[in-house]
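Please open the structure in your viewer and keep the selection tool at hand.

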Amino acid sequence: MLKKFQTELGFNEEEANKLYEIAAKILCTEIKDKLMHPFRSQN
């Protein structure tokens, strides 16, 4: 995934790694929230 960020988005290794860490953190937080509160978004 880091190589894709570097080649397709033109990021260097450090920028690609930062983007990957941010995306992983967001996904983990959202998955954890969904597991803890599975019916929160339903009306």
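The stops below go from the whole chain to individual side chains.

**Before starting**

The model is a predicted one: local features need pLDDT of at least 70, side-chain atom pairs count only at pLDDT 80 or more, and totals for chains, interfaces and linings use all residues. Residues are numbered from 1 along each chain as its sequence is written, and side-chain values use heavy atoms, with hydrogens and water left out.

**Stop 1: the whole chain**

Select the entire protein chain. Its C-alpha atoms fill a box of roughly 40 × 15 × 10 Å along the principal axes. The chain contains 2 helices and 0 strands; these are DSSP runs numbered from the N terminus, with helices (H or I) of at least four residues and strands (E) of at least two. Its accessible surface is about 4,200 Å², and 60% of that belongs to carbon and sulfur atoms; such areas come from the Shrake-Rupley method with a 1.4 Å probe, and for residues only the protein chains shown count as cover. Of the 43 residues, 7% count as buried. Buried means under 20% relative accessible area, exposed means over 50%, and partly exposed lies in between (1.4 Å probe, protein chains only).

**Stop 2: helix H2**

Next, select residues 13–36, which form helix H2. The end C-alpha atoms of H2 are 34 Å apart, which agrees with the 34 Å that its 24 residues should span at 1.5 Å a residue. The expected span is 1.5 Å times one less than the number of residues. How many of the 24 residues of H2 are buried? The number is 1, so H2 lies largely in the open.

**Stop 3: Asn12, Glu14 and Lys18**

Move to the start of H2, where a side-chain oxygen of Asn12 reaches to within 3.1 Å of the backbone nitrogen of Glu14. Then show the side chains of Glu14 and Lys18, which meet in a salt bridge (3.6 Å, N to O). A salt bridge is a side-chain nitrogen of Lys or Arg within 4 Å of a carboxyl oxygen of Asp or Glu, and the count by this rule is 1. Side chains of opposite charge can pair when their charged atoms come close. Lys18 and Glu14 are 4 residues apart in H2, and therefore separated by about one helical turn. Glu14 counts as exposed, at 54% relative accessibility.

**Stop 4: Leu19 and Leu9**

Select Leu19, which lies in helix H2 and is partly exposed at 29% relative accessibility. Which residues does Leu19 touch, not counting those up to four places away in sequence? They are Phe5, Leu9 and Phe11, where contact means heavy atoms within 4.5 Å. Now select Leu9, found in helix H1. Leu9 touches Lys4 and Leu19, with the exclusion of residues up to four places away in sequence. For a distance across the model, select Leu9 and Asp33: they are 24 residues apart along the chain, and their C-alpha atoms are separated by 30 Å.

How values were computed. A polar contact is a pair of N or O atoms within 3.5 Å; within protein, one must be able to donate a hydrogen and the other to accept it, and residues adjacent in sequence count only if both atoms are side-chain atoms.
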